[in-house]
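These are notes for a colleague who has not seen this structure before.

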Amino acid sequence: MRSKMALYCLRGAVRSNYIRRNYGVCGVQLFNLYSTAAHTLRVNQQIKEKRKRALLGGGESRIDAQHKKGKLTARERIHLLCDPGSFVEYDMLVEHTCSDFGMEKQKYPGDSVITGHGLINGRIAYMFSQDFTVFGGSLSSIHAKKICKVMDQAMLVGAPVIGLNDSGGARIQEGVESLAGYADIFLRNVLSSGVIPQISLIMGPCAGGAVYSPAMTDFTFMVEDTSYLFITGPDVVKSVTNENVTQEELGGAKTHTTTSGVAHKAFHNDVDALLQLRNFLGFLPLSNKDPAPIRICDDPWDRDVPTLDTIIPQETTEAYDMLEVVVNVVDERDFFEIMPNYAKNIIIGFGRMNGRTVGIVGNQPKCAAGCLDINSSVKGARFVRFCDAFNIPIITFVDVPGFLPGTGQEHNGIIRHGAKLLYAFAEATVPKITVITRKGYGGAYDVMSSKHLRGDVNYAWPTAEVAVMGAKGATSILFKGKPDVSKYEAEYVEKFGNPFPAAVRGVYFKIGIELLFITTVSS
Amino acid sequence: MADEAVCIGPAATKDSYLNIDHIMLAVTKTGSQAVHPGYGFLSENAVFVEKLEAAGISFIGPSVEAINGMGDKLESKRLAQAAGVNTIPGFDGIVNDADHCVQIAREISYPVMIKASAGGGGKGMRIARNDDDARDGFRLASQEAASSFGDDRILVEKFIDKPRHIEIQVLGDKHGNAVYLNERECSIQRRNQKVIEEAPSVFLNEGTRKAMGEQAVSLCKRLGYYSAGTVEFLVDSEQKFYFLEMNTRLQVEHPVTEYITGVDLVHQMIRIAKGHPLLLTQKDIPIKGWAIESRVYSEDPYKNFGLPSIGRLYKYIEPLHVPNVRCDSGIDEGSEISIYYDPMICKLVCYGNTRNDAINTSLEALDSYVIRGVTHNIPLLRDILTETNFIEGNISTNYLSEVYPDGFKGRQLNSTDKQHILAIAACVFSKMDMRSYTFLNERPSTAKRKEPAEWTLVISLFDEELQCDVKKVGNKFHVHMKTDTLSVEDHINLSSPLIQTNINGKPIVMQLVSKDASGKLQIVYQGTTFTIFVLSDKASKFLKMMPEKPTVDVSKVVLSPMPGMVKSVSCEVGDTMAEGQEVCIIEAMKMQNSLVAGASGKVKAVHVKAGDTVGEDDVLIEFE
């Protein structure tokens, strides 16, 4: 203690020299100044120490444990997410307010979350990163308040909010205060929806009520093998339903990106996820008041793409990969696909054309013939609504044989789910370009951003065929009971198996593939 | 390319290109007067020629008798002997079965070559060095022969070790004249299919050339051969040559002969078919300069020097800007390479005054040849062209297995090469990073948002890691690695497949295949694609803390090495298989590939059956 005091005195002396030299303070007042100066220094020192503790989170051993699990710490994640030196932290020294169960003796500056704003490729974003090393990242009331503060700030400024989730759940010791905290966040998620982009990156557990925040954000990404999302964990599942299931099966990245559709994409590890997130943000505007971003573009907008001539097979029943069409059209084949492994019969994602972000929707003939079903309709609808909210033009590639028939679909409500996609396209007021690459059959034709739903520019490729249904089905109704139905089938194909019926009715802007660019369309 | 195209049927060749009726229909429909059959398919089919002649249409090729005589290996050997051409010792008859094959092989003495009587182009050929090989070889060769040629007759002959494959181009007319247009050296082969051909040969002396040429002409005259043809010889190290076979058609590699002789072979064929006499005499045929043909295939050179690869060429740019380069190809950007046909993309023919000139032109052309969407063999072609034995002309048909005993592993880099690749990778990364800051329509903000101009990067290539400092100064990147600083001019366009810039003032050409946000770059340097990871130093530090992902244990599964069709499955669930035992056969591009168990074990699951179509790396069979 004495040596510490000595150190203060020494430093104080140096400082008072500095004061005397600069402000001409005379010797008489030196003593008083010396005592207040010592106080200031002590406070400074305390701040330093608190900061140092805050930077350590739950301490060395917990940090090691975090690393052993293959996870970065909350701070390391922010460090990697933001441009060097750009992160500005909020509320670094707040502490939790719980005094039950001996909690008053365990306090960590900043509690179990790190919040603030930073730059991502030079653009501002607000963020919070839950710190699993402090009380397992559990959500205390102060933890929730910190998150709410950045969310409010983001709304004021008009900038995205990024949540890096790694939390065991509610702070049980705080009871209803913790639950209230969740609700405060949920409310803000809802109020921010459609105003600023909200992105969740699940980098550890996220269970119970906590899952609803990511669910209400625009995009939920996960990290393979280390992240979980579920309402109740495997133990509760076992006790309630007697099901044996692992965490990974119940709510791992694979489950949510392929089966449930809860998450939009999974990344290999924390580093990959954060680098990809930086890249992803480059596609999004900062808020609904900003235009879709235009980045400097090196790929000529009028580039000829001979490949588009050969992708659609000559056999109209043969499958092809719509993703090939998409990547050949967008700048530099750079396509950020959303939900690549869920409802694969529809493709959604972001690309750029002449540098400007566009949202791409496309039927995928390779999977389930590219039909619309419940999952693909819901997947598409949510994406279209996001693009509409954030001024991102939508390009739709249509090759749809119709809605998927069957009891499975009907009983689960394909009618109301399909209506969501229809509603989303009809409602959207962003520029909408539609390219019919092959089939546009039945009600699904109408749904897929047709001319009749305020499509701005609708193109048909020479392979396009728009009809109420395929030749076989149509002729079997039209010529029921007549012999030689196949003759009529040929007639039907001749009549509808081409772009002309719609072209003569003025549905398209032009037939042909050479018009695939977007610069002529102004928002 | 064609003025008129006629659909002759579905993709499978037996329903289209090999279907004589369909072709005849196309001929009548277009009112054609003559048919040039190309290299493969019906080009050596006498029935087709007969049908054409019966319909009064000229066949731009030889007579039915010549095709029949030379198309059958046994018959052709007899004819060649009669014409005074040197032939290989062998069994003069049809092999009945595997045992018979073994018996004959023992008589001739190993090694022997087992081949389809009706074969050609390397299909249906197997080398046997012992009884077991002979049995297997007989079975596989006869199966391949049956499926490729519809004729499973097999013959056996002495196999000459370390031979060169040198062939003589001939032209004969309908008036009894014949000339030889010198030789083509086609020794660089994999699985008996040619990879690189050149004319002339570095090996032949004037005397041998003349002797070979004269024997070839003598064979033509004896046959009354007209049109273009090729007499193939095996030449041993003492310049002794043996007749192998005669191809009664235009050969794939004919452009090298055209280059050095100045004779347009197709033109001559058409003239001859019309009945015009040859205007050329032997003394009119020179050897002028040197030509090299590199066959660019859609195949993976790292697997057995080339297993077929399929896909769509989403980007395709031929290096026609390089002088003295000829690209004969039947595909364009957007074309699909399918399992139905030979996977050749292009014949890249380069010419020069000397062999060295031709090699250098080839290198330049290959470096700027852009092919995306399929795996191709440019890495191997590029490497052969700079390999010492090739440059010295020290080659044989065993060249590949001798020069690359453990298989082709890609270009081996020296330290300067490595530095150059890493420097370019660093610049590409920096350029991408700079671009990610440049938004044109952002609202003005008080925040500092200057794009970075300095980077500390960690780059890894193979398992090596290197720290690298990059600084953008004016129009240059200064890349500092270890003790060296390289100055790279910023001519890098992130959208262009080619990177043509200067490092320390010296021009270099590389290709940028792919780039992604996780720092993975694929860069082609001297033909080979290198995968390079570039990360900021902090991302690299954090990445080291990430656990390795477990990989699939491939010794417990048999994966399909290429896309194709399952010909047969030779095991069932529960069978115990020995290491190296055949489990199934995959057929693609008319080649049969026998897949073997990687380790001894019991079969747990069989995922395919005969007739299934499989993709590359599909799991076919699992072991317990």
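1. The model is predicted: local features need pLDDT of at least 70, side-chain atom pairs count only at pLDDT 80 or more, and totals for chains, interfaces and linings use all residues. Residues are numbered from 1 along each chain as its sequence is written, chains are lettered from A and ligands numbered from 1 in the order in which they are written, and side-chain values use heavy atoms, with hydrogens and water left out.

2. How many residues of chain A are in contact with chain B? There are 47, and they meet 34 residues of chain B; contact here means heavy atoms within 4.5 Å. The two chains bury about 3,700 Å² between them, 54% of it on carbon and sulfur atoms. Buried area is the accessible area (1.4 Å probe) that two parts lose on being put together, summed over both.

3. Chain A and chain B are joined by five salt bridges, a salt bridge being a side-chain nitrogen of Lys or Arg within 4 Å of a carboxyl oxygen of Asp or Glu. Arg123(A) forms a salt bridge with Glu442(B), and their closest N and O atoms are 2.9 Å apart.

4. On the side of chain A that touches chain B, helix H4 (74-81), helix H11 (270-281), helix H12 (308-311) and H13 of chain A each supply at least two residues. H11(A) gives the largest share, seven residues. Helices (H or I, at least four residues) and strands (E, at least two) are DSSP runs, numbered from the N terminus. By class, this side of chain A has 16 nonpolar, 15 polar and 16 charged residues. Ala, Val, Leu, Ile, Met, Phe, Trp, Tyr, Cys and Pro count as nonpolar, Asp, Glu, Lys and Arg as charged, and the others, Gly among them, as polar.

5. Chain A is divided into domain 1 (52-282) and domain 2 (306-511), with bounds from an automatic or database domain assignment. Their centres, taken over C-alpha atoms, are separated by 37 Å. In chain A, 22 residues of domain 1 are in contact with 14 residues of domain 2, and the two domains bury about 1,500 Å² between them, 62% of it on carbon and sulfur atoms. Phe219(A), His264(A) and Lys265(A) supply 34% of the area that domain 1 buries against domain 2, more than any other three residues.

6. Between the two domains of chain A there are zero salt bridges, while six residue pairs are in polar contact, both at pLDDT 80 or more.

7. Arg333(A) has a positive phi of about 55° although it is not a glycine. Arg333(A) lies in the loop between helix H13 (322-329) and strand E9 (336-338) of chain A. Arg454(A), also not a glycine, has a positive phi of about 65°, and its place is in the loop between helix H17 (442-447) and strand E14 (457-460) of chain A.

8. In chain B, the peptide bond from Ala199(B) to Pro200(B) is cis, with omega near -5°. Pro200(B) is in the loop between strand E8 (193-199) and helix H7 (206-223) of chain B.

Methods:
A polar contact is a pair of N or O atoms within 3.5 Å; within protein, one must be able to donate a hydrogen and the other to accept it, and residues adjacent in sequence count only if both atoms are side-chain atoms.
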